[in-house]
Amino acid sequence: MNKKLLLSAVLALSSTSLLASNQTFQASINGWSEPTFAETNALHFGKIRLAAGSACTMDNAGAVTGDCDASDANIQLGGITVSGLAPNSAMNITVSGSSSANLTFAPATTATDGTSTETTADGVASAFTTDGSASDITINVYGQMTVDTALTAGGDYDVDYTVDVSFQ
């Protein structure tokens, strides 16, 4: 009787494996290049008072208020162009300021591709989706510049800011 049970078990196991089947499928992706950045206008606040604590604010039209000379001919909104984007791509745009030995810059921006427009604050990610033809995005940069350590008359001073585009 044990031999019959053993034989039945072997037949059951072998018949189960005979009923199995499989098929191979493929997973795919599309290659996507990184966007490129070009500075079309260098951001310039013009002249500012030399004393620590002096602050100057530039609005989205390029007008300055505060401790800057509003009549300075060097005043210019920053301009960044982001190219090489795919149509209908969801992304976050973040513009972050920084501090140098003498200055702190807190940027604000307006990003547009002609269809959508988003504004951002310093270090805050703003959602943006490219239009159907993947037009370039133009980012206008402005914000607030603060003197942390007294400046020297006639000196040129810089502080960095970073533009980040990360895809969702």
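Me: What makes two strands pair, and how many bridges join β2 to β10?
Reply: Two strands pair if DSSP finds at least two bridges between them. This model is predicted. Here β2 covers residues 55-58 and β10 covers residues 137-147. They run antiparallel, and the bridges joining them number 4.

Me: Which residue of β10 does T104 stand opposite?
Reply: Strand β7 spans residues 103-112 and pairs with β10 in the antiparallel sense. That pairing has 10 bridges. The residue opposite T104 is T146.

Me: How many bridges join β4 to β10?
Reply: Strand β4 spans residues 78-83 and runs antiparallel to β10. The number of bridges between β4 and β10 is 5.

Me: Where is D72, the partner of K47 in a salt bridge?
Reply: The closest N and O atoms of K47 and D72 are 4.0 Å apart. The two residues are 25 residues apart in the chain. K47 lies in the loop between β1 and β2, while D72 lies in the loop between β3 and β4.

Me: Is D72 buried or exposed?
Reply: Buried means under 20% relative accessible area. D72 has 10%, so D72 is buried.

Me: Which residue forms a salt bridge with D67?
Reply: D67 is in the loop between β3 and β4. Its partner is in the loop between β1 and β2, 18 residues apart from D67. The closest N and O atoms are 2.8 Å apart, and the partner is R49.

How values were computed. Residues are numbered from 1 along each chain as its sequence is written. This is a predicted model: local features need pLDDT of at least 70, side-chain atom pairs count only at pLDDT 80 or more; totals for chains, interfaces and linings use all residues. Side-chain values use heavy atoms; hydrogens and water are left out. A salt bridge is a side-chain nitrogen of Lys or Arg within 4 Å of a carboxyl oxygen of Asp or Glu. Buried means under 20% relative accessible area, exposed over 50%, partly exposed in between (1.4 Å probe, protein chains only).
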